[in-house]
Amino acid sequence: MNNKSLSLCVDMYGCPNRCKHCWLGHMPNKKMEEGADQWIVDYFKPYFERISYYGWLREPDFCADYRKRWEKDKQLSVNAVPMRFELASFWRLVRDPEYVTFLKEMGTKIVQLTFFGLEKMTDTYVGREGAFQELLQANEILLANEIAPRWQVFIYEENKDEVVELLKLSEQLKMQERCNAFGAEFKFFVHEGGCDGENRKQYDVWIKKDHIPEVLIPYYLNYEALLTEKECCELLKDDLSHRVRHNEEDIVVMISNTYDVFFNFTQLSQEWKVGNLKTDEPEELVRRIVEEDIPALNLAKKVTMKELVAKYGDSQSNKAFRLSDYKEYLLNEYLREQLVEN
């Protein structure tokens, strides 16, 4: 019996969006069969004393009976209670008047809404016509119920001017004053996101650091840690360390609707697959999870950042990265080449 806690995040119902920034990657929408949740928990019960179960992976509460789902998640969890996060389904907020009541009952104080600029750009990046207007509707519903919206904005070369306009829109909507009216704070923050999953495909339109509009710098997440790719390459050119991710006190795994298992380190792609609950023996799959014994991590231990940046880095690029995200980008380029393309 393992003394680490295990969190299971399961894609039981899918997602209404196909966001171009999604670090998880795009998966087919498929409702898992009845009883899949209990079967998954039973799979791990002999090996872990504490298990937290989450019946969603992409869009929170994306099922018709979200109240029942939440109660079932709590019931299925073993010696643990699943957490609520500052995440909610804006798709459901504008379609189900009772959903915001549920959020308030759960003690939700803040809900994050993700934008990519104004209407056309946001609809394009969310992958669904009408998404921008729904976000604005969700924003008003949250405010009316004294839940503070938090606007997260992804910035690229092609939408940087629209992000400025979005900031102006938040001011026109008097977001700060309206949140202050019920003792809350409005937060508007901008960032480039991690360069993995679907967001990796935006590399060609990745924001250059010197192209970030000056007015946005006070709102840019951890701007002081932002580097150009050129600066990242310089820092890593003699770096003999390895980019190897680890679980900390808790183990968090993500399970697709086809029962594939992944760590929550990075994208849900073939090279990061731990195994499959239906085809692998439980004892062996749990061993891989606990010992972190998968091809991706084993390969990561054998290649240095110096080698990775020499092969995959662009020492002339001014694209903006955080160093940790850039290391992840380099490693994923290598793993894709070693484990998928070969």
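Predicted model: local features only at pLDDT ≥ 70, side-chain atom pairs only at ≥ 80, totals over all residues.
A charge counts as sitting over a ring if NZ of Lys or CZ of Arg is within 6 Å of the ring centre and within 35 degrees of the ring normal.

**Rings and charges**
- Another lysine, Lys 209, lies over the face of Tyr 223, 5.4 Å from the ring centre.
- There are 27 aromatic pairs in the structure.
- Take Phe 115 and Trp 151: their ring centres are 4.6 Å apart and their planes sit at 40°, so this pair is tilted.
- That pair ties together distant parts of the chain, with Phe 115 in strand β3 and Trp 151 in strand β4, 36 residues apart.
- Phe 115 and Trp 151 are both buried.
- One aromatic cluster includes Phe 116, Tyr 125, Phe 154 and Trp 206.

**Strand β4**
- Seven of the seven residues of β4 (residues 148-154) are buried, so the strand is largely enclosed by the rest of the structure.
- Both of its faces are covered, with Arg 150 among the buried residues on one side and Trp 151 among those on the other.
- β4 runs parallel to β3 (residues 110-115), joined by six bridges; Val 111 has Pro 149 as its bridge partner in β4.
- β4 also pairs with β5 (residues 187-191), again parallel, over five bridges, and Phe 154 stands opposite His 191 in β5.

**The core**
- The largest nonpolar core has 111 residues, and Leu 8, Ile 40 and Phe 44 have the most contacts inside it.
- Helix α6 (residues 131-144) supplies the largest share of this core, seven residues.
- Beyond its neighbours within four places in sequence, Ile 40 touches residues including Leu 8, Tyr 53 and Leu 277.

Note on methods:
Residues numbered from 1 in each chain as written. Heavy atoms only, no water. Core = buried A, V, L, I, M, F, W, Y, C linked by side-chain atoms within 4.5 Å. Buried < 20%, exposed > 50% of the residue type's maximum accessible area, 1.4 Å probe, protein only. Helix = DSSP H or I, 4+ residues; strand = E, 2+ residues; numbered from the N terminus. Contact = heavy atoms within 4.5 Å. Pairing = 2+ DSSP bridges. Phe/Tyr/Trp six-rings, centres within 6.5 Å; stacked < 30°, edge-to-face > 60°.
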